[in-house]
Number of protein chains: 2
Amino acid sequence: MGRTRSEPETDAARYAYDGLDRVLHEKARLGILTSLLSNPDGLAFNDLKSLCALTDGNLSRHLRVLEEEGLLMVEKGFDGRKPKTHCRMTALGRQRFLAYLEVLERVVRDALTARRERSAVKARKGNPDGSWAPAT
Amino acid sequence: MGRTRSEPETDAARYAYDGLDRVLHEKARLGILTSLLSNPDGLAFNDLKSLCALTDGNLSRHLRVLEEEGLLMVEKGFDGRKPKTHCRMTALGRQRFLAYLEVLERVVRDALTARRERSAVKARKGNPDGSWAPAT
């Protein structure tokens, strides 16, 4: 135990990732926002449901959260006599999602850098596998 | 409303991101796992607390979840007469975290591709700003 084998990197809050906005950092909502970013004219409720593989109830719940935050607009209308719900990202939604994505990119970059450095250290130590497992 | 302006991309489950493992897809746990991936010899509880900017209680709670899943090992020992807790990622933890990171990379890639395509379309339409906002 201790710091005998290598000096740990311990800069305060180095991995705090404060920018991982909790409203956006949710699996289903990430799917919804990416779908809407990909479809600037918006998407019908049913298309969004299919793209994100969500149930009616789940999609409605997440849309409500995102709409309350001003990240998207939900417009209710008619297609002939059939009710139709259309969703579209707002400028604020786009801005917050892109800021969130920058932090997400940093997480991926940090972790992949860590993996590369670790592989290099292990290769120098003659353990090219690099894995660690408890003795059983 | 409808699909008059552009054909939406609606492949079933295209943005479902099933691989976003809920155990790992949590802001604090992402920080903990990235810290441990960066420090293959493990980290003392206090170093981890500082790196991730977490309270004792929060860090303990997240460590317990990750330990129960077999993703890390928590070893309790002594540094002289002072109790010391040391955390280290397991081989399974490394494997699951790297698999999760692949999906995270896909989210970032999908979203940034969407942004680029959107900018290109808007430029062709003569709206280089590319933003959309509701009329107020």
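The legends below describe close-up views of a predicted model.

View 1. The contact draws 67 residues from chain A and 68 residues from chain B.

**View 2. Salt bridges and polar contacts between chain A and chain B.** Four salt bridges are found by the rule across the interface of chain A and chain B. In a salt bridge shown in this view, the side chain of A:E26 meets that of B:R22, with an N to O distance of 3.4 Å. Across the interface of chain A and chain B there are also 14 residue pairs in polar contact, both residues of each pair being at pLDDT 80 or more.

**View 3. The side of chain A that touches chain B.** At least two residues of this side are supplied by each of α1 (27–38), α2 (45–52), β2 (72–79), β3 (82–89) and α4 (91–124) of chain A. The largest share comes from α4(A), with 17 residues. By residue class, the side of chain A that touches chain B divides into 31 nonpolar, 15 polar and 21 charged residues.

**View 4. The packing of helix α2 against helix α3 in chain A.** The axes of α2(A) and α3(A), the latter spanning residues 56–68, lie 10 Å apart, and the two helices pack at an angle of about 105°. An angle of 65 to 115 degrees counts as roughly perpendicular, and α2(A) and α3(A) are therefore roughly perpendicular to each other. On the side of α2(A), the residues A:F45, A:L48 and A:K49 take part, and they meet A:D56, A:L59, A:S60 and A:L63 in α3(A). The residues of this contact of α2(A) with α3(A) comprise four nonpolar, one polar and two charged.

**View 5. The crossing of helix α1 and helix α3 in chain B.** Helix α1 (residues 27–38) and helix α3 (residues 56–68) of chain B have axes that come within 10 Å and cross at roughly 75°. The residues B:A28, B:R29, B:I32 and B:L33 of α1(B) meet B:L59, B:H62, B:L63, B:V65 and B:L66 of α3(B). Seven nonpolar residues, one polar residue and one charged residue make up the contact of α1(B) with α3(B).

Key: Residues are numbered from 1 along each chain as its sequence is written. Chains are lettered from A and ligands numbered from 1 in the order in which they are written. This is a predicted model: local features need pLDDT of at least 70, side-chain atom pairs count only at pLDDT 80 or more; totals for chains, interfaces and linings use all residues. Side-chain values use heavy atoms; hydrogens and water are left out. Axes are lines fitted to C-alpha atoms, for helices over the stretch in contact, and angles run from 0 to 180 degrees between N-to-C directions. Helices (H or I, at least four residues) and strands (E, at least two) are DSSP runs, numbered from the N terminus. Contact means heavy atoms within 4.5 Å. Ala, Val, Leu, Ile, Met, Phe, Trp, Tyr, Cys and Pro count as nonpolar, Asp, Glu, Lys and Arg as charged, and the others, Gly among them, as polar. A polar contact is a pair of N or O atoms within 3.5 Å; within protein, one must be able to donate a hydrogen and the other to accept it, and residues adjacent in sequence count only if both atoms are side-chain atoms. Angles under 35 degrees count as roughly parallel, over 145 as roughly antiparallel, 65 to 115 as roughly perpendicular and the rest as oblique.
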